[in-house]
Structures are given as structure tokens and as C-alpha cells.
Amino acid sequence: MALHRRGGIYHYHFWVDGTRYRGSTKKANLAAARRVESLLLAQAEEKGDVVLRKRSPLLRDFKIRFFEWVEGNTTLKQKTKDYYENGWRLLEETDVAAMRLNAITKDDADRLTFPGGPSNHNNALRTLRRMLGKAEEWTIIKASPKIKLMQEHARERVIDADIEAKLLPFCKQPLRDVLMIMRDSGMRNQKEVFRMRWEHLDWGNKRYFVYESKSPKGRRFVPISPRVRQALLARYSEQKEGWIFPSKRARGGHLTTVAKQFEKARKEAGLPNDLVLYCARHGFGTEMYRATKNLFAVMNVMGHTTVSTTMKYQHQNIDEVAEVASHRVQ
């Protein structure tokens with residue numbers, strides 16, 4: 001930038017992205033001329049591509065600033081913060097994590113693949129979309145790409161007794177115990193089973209208290225079946241407290257995933273790829289309602305706040321209806 005006086009009036013002269021700008025500030029006062037020059041420079045940079053002149057950070061480096069914003073944002077619910085944390089966990093294993101923000105395009109997002117179903121896929125894409133959106137808002141990039149989400153469908157598969165029988169011969173520990181606990185108690189894997197603690201076991205009443213969940217309604221008692229009790233006793237060494245599924249490698253000290261074990265067992269059992277571990281919880285909801293006909297009891301033991309949520313876990317087949325219909329001969 002440069003100001004020079006001509007005929008008592010200051011004139012400006014500067015370059016932005018290879019374009020020269022020059023003219024009169026129409027000001028005789030140096031301070032006033034500098035204010036005009038700064039305004040004209042800002043306007044020139046806004047019209048141009050000035051944000052791209054700076055080298056934008058890698059996505060993996062930008063995530064530090066992004067999650068500082070996430071943690072400091074009091075308007076975001078903890079559920080949303082956890083959602084972004086899980087989305088980044090999926091993203092950091094992909095190629096885009098090593099790309100510069102201004103280089104990530106819609107095509108790059110479209111090529112991404114993630115383990116699990118559409119819900120998992122969209123978790124990662126929504127996180128990426130939010131990160132790039134904040135980068136645009138903070139003028140780190142000029143514009144964020146339009147990222148299209150995958151269409152989500154209601155989960156159709158369940159892990160029932162038959163599917164479990166096919167899986168178990170190929171399940172190693174801790175997957176074997178995790179699967180049985182989910183099948184017999186209906187607990188969520190990541191939020192609940194992985195975080196089980198000895199002090200919340202009620203051996204006498206054959207129950208476990210879920211002390212932490214995704215919602216206040218999630219704090220509840222769930223049943224401990226005889227086979228789950230036997231599996232827990234095999235792990236028990238008279239501990240008074242601590243993780244039931246400890247992990248020395250995990251930052252939190254407890255198990256965080258059995259995804260690779262499950263994928264391997266599923267493949268060896270010859271089961272479809274859209275069958276995921278969470279289907280065991282769907283199997284629990286379906287079987288418990290079929291056996292008890294008590295929708296509210298099932299809703300409570302699964303930690304749901306509404307009946308409509310519990311109904312999403314119902315995968316009743318046509319056999320019972322067909323049995324009734326078969327008696328109508330006239």
C-alpha cells in the first residue's frame with residue numbers, strides 16, 4: 001500500500017491478487033486518507049479471492065479450533081457435542097483429514113466411505129459439513145461445498161436367537177460377552193455396555209443399574225440373565241468398583257469398540273453387511289414385547305422417553321397375523 005500527495009489531495013496505490021488499484025482519496029488530511037485507503041483495500045479483498053491467498057490449514061489441524069468452539073458453545077447440547085466427536089473419529093481415518101480446507105470438494109465428500117450404515121455415514125458427513133461451514137464463517141475459506149447426505153432408512157435387521165447362534169461360534173472376547181449382554185438386557189453398546197462398572201451390579205436382584213446414558217430416561221435398571229451372570233462371574237475377581245470391560249489403550253480406561261471383531265465374525269458367519277451390532281438391541285426390543293405384550297415395560301427397560309421411539313425397535317413378523325388369518329375360512 002502507498003499514499004502519495006498530489007495537488008494537496010492524497011492518492012492511493014495498491015495491488016490485490018495481481019490487480020492494481022489506484023485513485024484519489026479526496027482527502028487532504030493524512031489520517032482521513034488512510035481510513036479511506038483501508039476501506040478501499042477491504043472492499044477490493046472482499047470482491048477478490050483474498051481468503052484463498054492465505055494457505056488454509058489441513059482439516060486435522062483445523063479440528064483443534066473447531067472443537068474448542070464446540071466445547072465452549074453453551075448453546076450446544078452434550079448430545080450434539082458427542083455427535084461431532086464421533087463424526088471426527090470417523091473422518092480422521094479418511095484422506096480428507098490430510099487435505100487443506102480449500103481443497104475439499106463435494107466430489108471428495110461423495111467418495112467417502114465409512115463402516116456401518118447410513119446413519120454412521122451421515123454422522124461423519126454432517127460433522128465435515130459443519131467444520132467447513134465454520135471455516136467459511138471464520139473467513140478461512142471463501143465458500144464451503146454443498147455436501148449431500150446419504151438417504152437413511154429405518155433399521156430392518158435384528159439379531160435374534162437364530163442370528164446369534166450363527167455369530168457366536170466366530171465371536172472372540174470381548175465381543176462374545178458384549179453381544180450376549182445387548183441381546184439379554186437391551187443396553188446400547190458404546191454408551192452403556194462398554195461403560196459398565198462393577199459397583200452398579202445388583203447380584204442379589206439380578207439387575208444392573210445403567211448410571212450413564214444418552215438421556216435422563218436412560219438411567220434405569222436392566223435385567224441380568226443367567227448366562228450373562230455367568231459371563232460376568234468369569235470376569236469377576238471380587239472387585240468393588242471399576243470397569244467391567246477395562247482397556248489399557250483407551251483414554252477413558254474402558255472398551256470403546258468391537259467393530260473390527262464384529263465385522264470379522266459377521267463375514268465368517270456369512271451374514272449380510274448391513275447387519276450391525278446395534279441390531280442386537282433391536283432384537284431385544286422385538287422379543288421382549290412379543291413375549292410380554294407390555295409396551296410400557298419394554299419402553300422403560302430400553303430407556304426410551306416415548307412410545308414412538310420404542311415402536312421403531314419392533315420388527316414383528318407376519319407369522320402371528322398369518323396364524324389368526326388362517327382360521328378364517330368363511
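Which residues is Thr127 in contact with, leaving aside its neighbours within four places in sequence? I looked this up and noted Tyr83, Tyr84, Gly87, Trp88 and Leu91. I was working on a predicted model, and that holds for every entry below.

**Entry on Thr127 and helix H6**

I placed Thr127 in helix H6. I wrote it down as buried, because its relative accessibility is 0% and buried means under 20%.

I then looked at how H6 meets another helix. Helix H3 (residues 59-72) and helix H6 (residues 118-137) pack with their axes 10 Å apart, at an angle of about 85°. On the H3 side I listed Leu59, Phe62, Lys63, Phe66 and Trp69, and on the H6 side Leu128, Arg130, Met131, Lys134 and Ala135. Sorted by class, the residues of this contact come to seven nonpolar, no polar and three charged.

**Entry on Ile159**

I found Ile159 in the loop between H6 and helix H7 (161-167). Is Ile159 buried or exposed? I noted Ile159 as buried, because its relative accessibility is 0%. Leaving aside neighbours within four places in sequence, I recorded contacts of Ile159 with residues including Leu179, Arg183, Phe262, Leu277 and Ala280. I also checked one pair by distance: Ile159 and Leu277 are 118 residues apart along the chain, and their C-alpha atoms are separated by 7.9 Å.

**Entry on helices H8 and H12**

I next looked up helix H8 (residues 175-185) and helix H12 (residues 279-292), which pack with their axes 7 Å apart, at an angle of about 30°. Angles under 35 degrees count as roughly parallel, so I put H8 and H12 down as roughly parallel to each other. The crossing of H8 past H12 is right-handed. From H8 the contact uses Leu179, Met182, Arg183, Asp184 and Ser185, and from H12 it uses Ala280, Arg281, Phe284 and Glu287. By class I have four nonpolar, one polar and four charged residues in this contact. Leu179, Arg183 and Ala280 were already in my notes as contacts of Ile159.

**Entry on backbone details**

I found a cis peptide bond joining Gln173 and Pro174, with omega about 10°. Pro174 is in the loop between H7 and H8.

I noted a positive phi, near 60°, at Thr139, which is a residue other than glycine. Thr139 is in the loop between H6 and H7. I marked Thr139 as exposed, because its relative accessibility is 54% and exposed means over 50%.

Phi of Glu238, also a residue other than glycine, is positive and near 60°. Glu238 is in the loop between helix H10 (226-235) and helix H11 (259-268). I marked Glu238 as exposed, because its relative accessibility is 63%.

**Entry on Glu199**

Glu199 is in the loop between helix H9 (189-193) and strand S4 (201-202). From C-alpha to C-alpha, Glu199 and Glu238 are 11 Å apart in space, and 39 residues apart in sequence.

What does the side chain of Glu199 make a polar contact with? I found the side chain of Arg197, at 2.6 Å. A polar atom of the Glu199 side chain also lies 2.9 Å from the backbone nitrogen of Gly242. Leaving aside neighbours within four places in sequence, I listed Lys240, Glu241 and Gly242 as contacts of Glu199.

Conventions
Residues numbered from 1 in each chain as written. Predicted model: local features only at pLDDT ≥ 70, side-chain atom pairs only at ≥ 80, totals over all residues. Heavy atoms only, no water. Helix = DSSP H or I, 4+ residues; strand = E, 2+ residues; numbered from the N terminus. Contact = heavy atoms within 4.5 Å. Polar contact = N/O pair within 3.5 Å; in protein donor to acceptor, adjacent residues only side chain to side chain. Axes fitted to C-alpha atoms, helices over the stretch in contact; angles between N-to-C directions. Parallel < 35°, antiparallel > 145°, perpendicular 65-115°, else oblique. Left-handed = near helix turned anticlockwise from the far one by under 90°. Nonpolar A, V, L, I, M, F, W, Y, C, P; charged D, E, K, R; others polar. Buried < 20%, exposed > 50% of the residue type's maximum accessible area, 1.4 Å probe, protein only.
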